[in-house]
Amino acid sequence: KRFQEITCVILWTVLMTHNLFYLVKFFPKDLYLKVISMALYGILLADFFSGFVHWFCDTWLSFDTPILGPALIRPFREHHIDPTLMTRHDFVETNGDNLATTLIPMGVVAYKLQSCNYEEIYSYYPTLIFLYWFCFFAG
């Protein structure tokens, strides 16, 4: 479990750094209003989505839920039993699983930024910005 969390934190950091570099490099100045609105939309949706997942897991899942229960629900609910427990974990243990959920979309962004020409990146750019900020705040 610890190896998986460390791997996720490292991969997330590499992908976010890579993607930020290329998003800045390819920033289309004529789309700045759309880029700003997509960034804000990504941030707001990440906040809503994380709240919804928290509510859903607390309401509908339990420790006995097959597969998800022991692996995700037990550590997820620990903060209800001991609200300060999370503060006694290190960064990797606290964030490793959350960051893992954003690796696939961040990998897609990295793939698009590496494999597409400028015109294609230009057409995808608002979506790439949305995904970047959604993953940044959801992670």
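1. Let's start with a word you'll need: a residue is buried if its relative accessible area is under 20%, exposed if over 50%, and partly exposed in between, using a 1.4 Å probe and protein chains only. By that rule, 32% of the 139 residues in the protein chain are buried.

2. A quick word on what you're looking at. This is a predicted model, where local features need pLDDT of at least 70, side-chain atom pairs count only at pLDDT 80 or more, and totals for chains, interfaces and linings use all residues. Residues are numbered from 1 along each chain as its sequence is written, and side-chain values use heavy atoms, with hydrogens and water left out.

3. Now the overall layout. The protein chain has six helices and zero strands, so its pattern along the sequence reads α-α-α-α-α-α, because helices here are DSSP runs of H or I with at least four residues, strands are E runs of at least two, and numbering goes from the N terminus. Along the principal axes, the C-alpha atoms fill a box of roughly 50 × 30 × 30 Å. Take contacts (heavy atoms within 4.5 Å) between residues at least 6 apart in sequence: 74% of them join residues at least 24 apart.

4. On to helix 5 (residues 103-115) and helix 6 (residues 118-138), whose axes come within 10 Å and cross at roughly 155 degrees. That makes helix 5 roughly antiparallel to helix 6. For the terms: axes are lines fitted to C-alpha atoms, for helices over the stretch in contact, and angles run from 0 to 180 degrees between N-to-C directions; under 35 degrees counts as roughly parallel, over 145 as roughly antiparallel, 65 to 115 as roughly perpendicular, and the rest as oblique.

5. Who touches whom in this pair? From helix 5 you get P105, M106, V109, K112 and L113, and they meet I121, Y124, L128, L131, Y132 and C135 of helix 6. By class, that contact has ten nonpolar, no polar and one charged residues (Ala, Val, Leu, Ile, Met, Phe, Trp, Tyr, Cys and Pro count as nonpolar, Asp, Glu, Lys and Arg as charged, and the others, Gly among them, as polar).

6. Helix 1 (residues 2-25) also packs against helix 5: their axes come within 9 Å and cross at roughly 35 degrees. The helix 1 side includes W12, M16 and N19, while the helix 5 side includes M106, V109 and A110. This contact divides into twelve nonpolar, four polar and no charged residues.

7. Helix 1 meets helix 6 as well, with axes that come within 11 Å and cross at roughly 145 degrees. Among the residues involved are W12, M16 and N19 of helix 1, and Y132 and C135 of helix 6. Here the count is eleven nonpolar, one polar and no charged.

8. Have a look at N19 in helix 1. Is N19 buried or exposed? N19 counts as buried, because its relative accessibility is 0%. Its side chain reaches the backbone oxygen of M106 at 3.1 Å. Leaving aside neighbours within four places in sequence, N19 is in contact with M106, V109, A110, L113 and Y132.

9. Last stop: T65, in the loop between helix 2 (32-60) and helix 3 (68-81). T65 counts as buried too, at 16% relative accessibility. The T65 side chain reaches the backbone nitrogen of S62 at 2.9 Å.

Notes: Polar contact = N/O pair within 3.5 Å; in protein donor to acceptor, adjacent residues only side chain to side chain.
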